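Please open the model in your viewer and keep the sequence panel beside it, as this tour moves from one selection to the next.

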Amino acid sequence: MTPRPRLLTTAAAGAMAVLLLAGCGGGGGGGSKPNDKIAGADTGGSASASPSASGRAEEGRPKIELPSDLSYTFDWPQTGEKDKDAVLADSEQSIKAVDLAIVKQDPLDKAYRFYYEGEAAAQTQQFIQAYVKAKARTTGSYRYYDPVVNVSGSSSASLVYCEDQSKAYDLYLKTKKVDKTPVTKNSYVLYSTQLHKNDKGVWVVEKLLSVRGSSKCLP
């Protein structure tokens, strides 16, 4: 996994060889290896309206409240299929939950652990820990688009999507300095996640791969 911020490029690189979560600016180079396979990346997308995440808290999901300087746009169309729309809604919350842990400076925050298991949970913990060590968090705006979701059977799914990191940055907590990195092709990232539905009915992330600067995500 390639870390978001330039400040974490050395500190977190070893722990993040596979998992790449919501990113920052264009400063960090790399991404997954050129030969990494992105499941579903060559299949088509669909429709127009973003799936609602409303009702997540009522269903026992953790409440995620983030600072006003962090914003998210999910251009994720509803498919009209219950399981696919649930994958999109839970994935939206899983992305925000990681930033919540970073904001709280808590590598064991319950919200992200609700949405991540196994390999992905362990790597996410190390990712958050790198931010804690650096005394930094994320700020700015993220946009997610071009989702391709596939569901296999009753409890297995994959989700491929793009992230625009061009208006997202690192904020150093002590100095309040914002590290505004330039926009490059590396500000756009292609993600591929593997998920399963757990015994609570939640679509949790097991694995996540990325390709930074992928032509599939460039504007």
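**Starting inside: leucine 159**

Select leucine 159 and display what surrounds it: setting aside residues up to four places away in sequence, leucine 159 touches Trp76, Val87, Leu88, Ser91, Pro147, Val148, Val149, Tyr191, Ser192, Thr193 and Leu195, where contact means heavy atoms within 4.5 Å. Before going further, note that this is a predicted model, in which local features need pLDDT of at least 70 and side-chain atom pairs count only at pLDDT 80 or more, while totals for chains, interfaces and linings use all residues. Residues are numbered from 1 along each chain as its sequence is written, and side-chain values use heavy atoms, with hydrogens and water left out.

**The nonpolar cores**

Which residues have the most contacts inside the largest nonpolar core? They are Trp76, Tyr116, Tyr144, Leu159 and Tyr161, in a core of 40 residues. A nonpolar core here is a set of buried Ala, Val, Leu, Ile, Met, Phe, Trp, Tyr and Cys residues joined through side-chain atoms within 4.5 Å; buried means under 20% relative accessible area, exposed means over 50%, and partly exposed lies in between (1.4 Å probe, protein chains only).

Colour next the elements that give two or more residues to this core, namely strand E1 (70-75), helices H1 (82-104), H2 (110-115) and H3 (118-134), and strands E2 (136-152), E3 (156-172), E5 (188-197) and E6 (203-212). Helices (H or I, at least four residues) and strands (E, at least two) are DSSP runs, numbered from the N terminus. The largest share of the core, 8 residues, comes from H1. A second, separate core of 7 residues can be selected through Val160, Cys162, Tyr188 and Leu190, which are among its members.

**The whole chain**

Zooming out, the protein chain has 3 helices and 6 strands, and along the sequence these follow the pattern β-α-α-α-β-β-β-β-β. Of its 219 residues, 51% count as buried. Among contacts between residues at least 6 apart in sequence, 72% join residues at least 24 apart.

Within H3, the buried residues are Ala120, Ala121, Gln123, Thr124, Phe127, Ile128, Ala130, Tyr131 and Val132, and the buried residues of H3 pack against H1, H2, E2, E3 and E6.

With both helices shown, H1 and H3 pack at an angle of about 35°, with their axes 9 Å apart; axes are lines fitted to C-alpha atoms, for helices over the stretch in contact, and angles run from 0 to 180 degrees between N-to-C directions. At the contact, Val98, Ala101 and Ile102 in H1 meet Thr124, Phe127, Ile128 and Tyr131 in H3.

**Positive phi angles**

Move to the residue after H1, glutamine 105, whose phi is positive, near 55°. Glutamine 105 is found in the loop between H1 and H2 and counts as partly exposed at 22% relative accessibility. Just after H3, lysine 135 also takes a positive phi, of about 55°. Then select aspartate 146 in strand E2, where phi is again near 55°, a positive value in a residue other than glycine; aspartate 146 is partly exposed, with a relative accessible area of 47%.

Threonine 79, in the loop between E1 and H1, is partly exposed at 27% relative accessibility. Draw a C-alpha to C-alpha distance from threonine 79 to valine 149: the two are 70 residues apart in sequence and 9.0 Å apart in space. Beyond its neighbours within four places in sequence, threonine 79 is in contact with Lys84, Asp85, Leu88 and Val149.

Finish at phenylalanine 114 in helix H2, which is buried, with a relative accessible area of 17%. Phenylalanine 114 and tryptophan 203 are 89 residues apart in sequence and 9.7 Å apart in space, C-alpha to C-alpha. Leaving aside neighbours within four places in sequence, the contacts of phenylalanine 114 are Gly60, Arg61, Pro62, Lys200, Val202 and Val204.
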